[in-house]
Amino acid sequence: MTGWLANVVQSSNLRWLPHFLAGPAVILMTFGWLGWRSRSGLFGFLLCAGYGVAFMIAGRWDNFYWGAVIAPAMFAGIVFAPRAVSQLVAAARLPGLSRLQLAN
(Lines give C-alpha, C1' and ligand atoms only; values in the text may rest on other atoms or scores of the structure.)
Protein backbone atom coordinates (compact mmCIF):
# COMPACT_ATOMS: atom_id res chain seq x y z
CA MET A 1 0.00 0.00 0.00
CA THR A 2 2.87 2.38 0.64
CA GLY A 3 3.98 1.89 -2.96
CA TRP A 4 0.57 2.95 -4.24
CA LEU A 5 0.43 5.98 -1.94
CA ALA A 6 3.97 7.04 -2.78
CA ASN A 7 3.27 6.47 -6.46
CA VAL A 8 0.39 8.96 -6.52
CA VAL A 9 2.15 11.44 -4.22
CA GLN A 10 5.39 11.52 -6.25
CA SER A 11 3.62 12.07 -9.55
CA SER A 12 1.39 14.94 -8.37
CA ASN A 13 1.70 18.20 -6.49
CA LEU A 14 1.19 16.31 -3.24
CA ARG A 15 4.94 15.72 -3.27
CA TRP A 16 5.35 19.19 -1.71
CA LEU A 17 3.35 18.18 1.37
CA PRO A 18 4.84 16.33 4.32
CA HIS A 19 4.33 12.58 4.06
CA PHE A 20 2.07 12.42 7.11
CA LEU A 21 -0.40 14.70 5.25
CA ALA A 22 0.03 13.42 1.70
CA GLY A 23 -0.77 9.77 2.42
CA PRO A 24 -4.09 10.44 4.18
CA ALA A 25 -4.98 12.92 1.41
CA VAL A 26 -4.73 10.12 -1.16
CA ILE A 27 -6.96 7.90 0.99
CA LEU A 28 -9.48 10.75 1.35
CA MET A 29 -9.47 11.27 -2.40
CA THR A 30 -10.24 7.62 -3.00
CA PHE A 31 -12.99 7.35 -0.42
CA GLY A 32 -14.33 10.77 -1.34
CA TRP A 33 -15.75 9.20 -4.46
CA LEU A 34 -18.03 7.10 -2.24
CA GLY A 35 -19.50 10.33 -0.86
CA TRP A 36 -21.12 10.93 -4.21
CA ARG A 37 -23.92 8.41 -3.93
CA SER A 38 -24.46 7.57 -7.57
CA ARG A 39 -23.22 5.16 -10.19
CA SER A 40 -20.58 7.71 -11.20
CA GLY A 41 -19.28 7.92 -7.63
CA LEU A 42 -19.08 4.15 -7.42
CA PHE A 43 -17.28 4.05 -10.75
CA GLY A 44 -14.77 6.67 -9.56
CA PHE A 45 -14.10 4.72 -6.38
CA LEU A 46 -13.69 1.43 -8.19
CA LEU A 47 -11.37 3.10 -10.71
CA CYS A 48 -9.11 4.50 -7.99
CA ALA A 49 -9.20 1.40 -5.80
CA GLY A 50 -8.75 -0.92 -8.80
CA TYR A 51 -5.72 1.05 -9.88
CA GLY A 52 -4.31 0.74 -6.38
CA VAL A 53 -4.84 -3.02 -6.31
CA ALA A 54 -3.34 -3.42 -9.79
CA PHE A 55 -0.28 -1.42 -8.79
CA MET A 56 0.14 -3.39 -5.56
CA ILE A 57 0.13 -6.61 -7.59
CA ALA A 58 2.15 -5.64 -10.66
CA GLY A 59 3.96 -2.40 -9.79
CA ARG A 60 7.60 -1.94 -8.92
CA TRP A 61 9.29 0.64 -6.72
CA ASP A 62 10.59 2.62 -9.72
CA ASN A 63 7.19 2.96 -11.47
CA PHE A 64 6.18 6.22 -9.78
CA TYR A 65 5.09 7.67 -13.13
CA TRP A 66 2.11 5.29 -13.09
CA GLY A 67 0.57 7.70 -10.61
CA ALA A 68 0.27 10.30 -13.36
CA VAL A 69 -2.31 8.06 -15.03
CA ILE A 70 -4.78 8.07 -12.13
CA ALA A 71 -3.91 11.22 -10.12
CA PRO A 72 -6.24 13.61 -12.01
CA ALA A 73 -9.24 11.36 -11.43
CA MET A 74 -8.29 10.88 -7.79
CA PHE A 75 -7.99 14.62 -7.19
CA ALA A 76 -11.62 15.06 -8.25
CA GLY A 77 -12.59 12.79 -5.36
CA ILE A 78 -11.35 15.29 -2.76
CA VAL A 79 -14.39 17.43 -3.57
CA PHE A 80 -16.67 14.70 -2.25
CA ALA A 81 -14.52 13.84 0.80
CA PRO A 82 -16.34 16.07 3.34
CA ARG A 83 -19.66 14.42 2.50
CA ALA A 84 -18.12 10.94 2.69
CA VAL A 85 -16.55 11.66 6.10
CA SER A 86 -19.80 13.08 7.48
CA GLN A 87 -21.74 10.05 6.20
CA LEU A 88 -19.16 7.74 7.79
CA VAL A 89 -19.46 9.50 11.15
CA ALA A 90 -23.27 9.42 10.96
CA ALA A 91 -23.23 5.70 10.14
CA ALA A 92 -20.87 4.97 13.03
CA ARG A 93 -23.28 6.44 15.57
CA LEU A 94 -25.72 3.95 17.02
CA PRO A 95 -28.99 5.77 17.71
CA GLY A 96 -30.72 4.97 20.97
CA LEU A 97 -27.85 3.07 22.58
CA SER A 98 -25.71 4.46 25.34
CA ARG A 99 -22.26 3.22 26.26
CA LEU A 100 -23.66 1.47 29.32
CA GLN A 101 -26.03 -0.61 27.24
CA LEU A 102 -23.22 -1.66 24.91
CA ALA A 103 -21.07 -2.84 27.83
CA ASN A 104 -23.69 -5.37 28.98
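1. Basis of the note. This is a predicted model, in which local features need pLDDT of at least 70 and side-chain atom pairs count only at pLDDT 80 or more, while totals for chains, interfaces and linings use all residues. Residues are numbered from 1 along each chain as its sequence is written, and side-chain values use heavy atoms, with hydrogens and water left out.

2. Overall make-up. The chain has 6 helices and 0 strands, and read along the sequence it follows the pattern α-α-α-α-α-α; helices (H or I, at least four residues) and strands (E, at least two) are DSSP runs, numbered from the N terminus. Of the 104 residues, 30% count as buried, where buried means under 20% relative accessible area, exposed over 50%, and partly exposed in between, with a 1.4 Å probe and protein chains only. Among the contacts with a separation of 6 or more, 63% are accounted for by residues 24 or more positions apart, a contact being heavy atoms within 4.5 Å.

3. An α-helix has 3.6 residues a turn, so residues three or four places apart point the same way.

4. The largest nonpolar core. This core has 16 residues, and those with the most contacts inside it are Val 8, Leu 14, Val 26 and Met 74. Helix 1 (2–10), helix 2 (19–32), helix 3 (39–58) and helix 4 (67–76) are the elements that give two or more residues to this core. A nonpolar core is here a set of buried Ala, Val, Leu, Ile, Met, Phe, Trp, Tyr and Cys residues joined through side-chain atoms within 4.5 Å.

5. Leu 5 in helix 1. Leu 5 lies in helix 1 and, at 17% relative accessibility, counts as buried. Its contacts, leaving aside neighbours within four places in sequence, are with Gly 23, Val 26 and Ile 27. The C-alpha atoms of Leu 5 and Ala 22, which are 17 residues apart along the chain, are separated by 8.3 Å.

6. Helix 2 against helix 5. The axes of helix 2 and helix 5 (residues 81–92) come within 8 Å and cross at roughly 80 degrees, where axes are lines fitted to C-alpha atoms, for helices over the stretch in contact, and angles run from 0 to 180 degrees between N-to-C directions. Helix 2 and helix 5 are therefore roughly perpendicular to each other; angles under 35 degrees count as roughly parallel, over 145 as roughly antiparallel, 65 to 115 as roughly perpendicular and the rest as oblique. Leu 28, Phe 31 and Gly 32 of helix 2 make the contact with Ala 81, Ala 84 and Val 85 of helix 5. These residues divide into 5 nonpolar, 1 polar and no charged, with Ala, Val, Leu, Ile, Met, Phe, Trp, Tyr, Cys and Pro counted as nonpolar, Asp, Glu, Lys and Arg as charged, and the others, Gly among them, as polar.

7. The loop between helix 1 and helix 2. Ser 12 is found in this loop and is buried, with a relative accessible area of 7%; not counting residues up to four places away in sequence, Ser 12 touches Ala 71 and Phe 75. Asn 13 lies in the loop as well, but is exposed, with a relative accessible area of 57%. Asn 13 and Ala 71 are 58 residues apart in sequence and 9.7 Å apart in space, C-alpha to C-alpha.
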